[in-house]
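The following exercises are to be worked with the sequence and the model at hand. Each task is followed by a solution in steps.

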Amino acid sequence: MELTEKEIVNAVRAGRREGQTEMVCHYAERVFAMIVRQVPDVMDAQELTQDTFLRAFSHIDSYDAHKASLSTWLCRIGYRLTLDFLKRRRPLIVSMEDRQEWQMDISDEELEKELSTGREERIQRLEAVIDELPADERMLLTLYYYEDRPLTEIAYITGIDAKALANRLYRTRKKLCKRLKD
């Protein structure tokens, strides 16, 4: 018997194992998919996914269905755990070139043309360039393009205003475009 989202939350709040099992069965794949795109080691991604659910179980009382769906709330937890993990693992190095890349002037049409070319080698190059981005930019691209989430959901997950995210997404796309041209 499949439980509804509300029934899952109520069961987890009551400490019932079937609620926890249903939550993991329904949402683990999606949370893992988001995390594994950011973390190079699959074992680390699995551990972060597990940590996401452990944190969710222990903080289920803070979940508010009026603010976000259960899936989005779980992704928010996974997002924060993943960024913390990546910050501990790799020091942030920002070159002067990176700080200036977003300031170049590119038209939306040129940007779209540059980033949407479907050739296989172009896709591989794009993936390599994305892997070189800082964790927060990779996560933004993952949530927006791979998971097709609207900016309002991403704003909830990241805790960043949707307008600021739109600007960050634009600057990140410009950075990708410049790196692809180089």
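**Exercise 1.** In which helix is Ile-8 found? Determine also whether Ile-8 is buried or exposed.

*Solution.* The model is a predicted one, in which local features need pLDDT of at least 70 and side-chain atom pairs count only at pLDDT 80 or more, while totals for chains, interfaces and linings use all residues. Residues are numbered from 1 along each chain as its sequence is written, and side-chain values use heavy atoms, with hydrogens and water left out.

Step 1. Ile-8 belongs to helix H1; helices are DSSP runs of H or I with at least four residues, numbered from the N terminus.

Step 2. The relative accessible area of Ile-8 is 0%, so this residue is buried (buried: under 20%; exposed: over 50%; partly exposed: in between; 1.4 Å probe, protein chains only).

Step 3. Not counting residues up to four places away in sequence, Ile-8 touches Leu-3, Gly-19, Glu-22, Met-23, His-26, Tyr-27 and Leu-70 (contact: heavy atoms within 4.5 Å).

**Exercise 2.** Describe how helices H1 and H2 pack.

*Solution.* Step 1. Two packed helices are described by the angle between their axes and the distance between the axes.

Step 1. For H1 (residues 5-13) and H2 (residues 17-36), the angle is about 135 degrees and the axes are 7 Å apart. H1 is therefore oblique to H2 (under 35 degrees counts as roughly parallel, over 145 as roughly antiparallel, 65 to 115 as roughly perpendicular, and the rest as oblique).

Step 2. Glu-5, Ile-8, Ala-11 and Val-12 of H1 meet residues of H2, including Gly-19, Met-23 and Tyr-27.

**Exercise 3.** Which polar atoms lie by the side chain of Thr-158?

*Solution.* Step 1. Thr-158 lies in helix H9 and is buried, with a relative accessible area of 12%.

Step 1. A polar atom of the Thr-158 side chain lies 2.8 Å from the backbone oxygen of Ile-154. The backbone nitrogen of Ile-160 lies 3.3 Å from a polar atom of that side chain.

Step 2. Thr-158 also touches Tyr-79, Arg-80, Leu-143 and Leu-165, not counting residues up to four places away in sequence.

Notes
Axes are lines fitted to C-alpha atoms, for helices over the stretch in contact, and angles run from 0 to 180 degrees between N-to-C directions. Helices (H or I, at least four residues) and strands (E, at least two) are DSSP runs, numbered from the N terminus. A polar contact is a pair of N or O atoms within 3.5 Å; within protein, one must be able to donate a hydrogen and the other to accept it, and residues adjacent in sequence count only if both atoms are side-chain atoms.
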